[in-house]
Amino acid sequence: MPKVQNQIQIVDTHETSETLVVICLQRCGHQINRTLLNKHLSYKEHTMTMNQQILLDNRPVGEATAANFKLVQTPIAELQEGQVLVRHHYLSLDPYMRGRMNDSKSYAAAQPLGEVMIGGTVGEVADSRHPKFKVGDQVVGMGGWQEFSV
């Protein structure tokens, strides 16, 4: 099985995103060499200004590999009234996701290329401009393969 350091290049990440990448690769059947992976990771104080996201970069042929995904950093936009910022702690990886990576007719819409992979998440409200949610609330949703969602 390919090793993670041969499949993707991680420039900078937080522990949450590292866990996300490792889980995604393990679910695709890849062996993870934690020592080598950690050489590529840089942990720094969390500032909630940047979001780590895993995008579907190209459609897999056969088994999905890390080469089908792209890890990017994007700025977190200012919240608008009625929105919450959720920091994900858990991501549900399900078999149906592989089918969505194809661009073919199915019971679920195809995952668009260049967009955050869809997925169920459990997380914590990190910032809120919504009257019914406060910082620290535990929430579930479809936040996708990223560290934060709005």
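Select Pro112 and display its surroundings: beyond its neighbours within four places in sequence, Pro112 is in contact (heavy atoms within 4.5 Å) with Leu56 and Arg59. The model is a predicted one, in which local features need pLDDT of at least 70, side-chain atom pairs count only at pLDDT 80 or more, and totals for chains, interfaces and linings use all residues. Residues are numbered from 1 along each chain as its sequence is written, and side-chain values use heavy atoms, with hydrogens and water left out.

Pro112 lies in the loop that runs between helix 4 (96-100) and strand 4 (120-128). Helices (H or I, at least four residues) and strands (E, at least two) are DSSP runs, numbered from the N terminus. With a relative accessible area of 34%, Pro112 is partly exposed; that class lies between buried (under 20%) and exposed (over 50%), with a 1.4 Å probe and protein chains only.

Now select the open sheet, where 4 strands follow the order 5-4-3-6 with antiparallel pairing. Strand 5 (138-141) and strand 6 (148-149) each have a single partner strand, so one side of each has no neighbour in the sheet. Pairing requires at least two DSSP bridges between two strands; strand 3 (residues 84-92) and strand 6 pair over 2 bridges.

Finally, show the whole protein chain, which has 4 helices and 6 strands. Of its 150 residues, 39% are buried.
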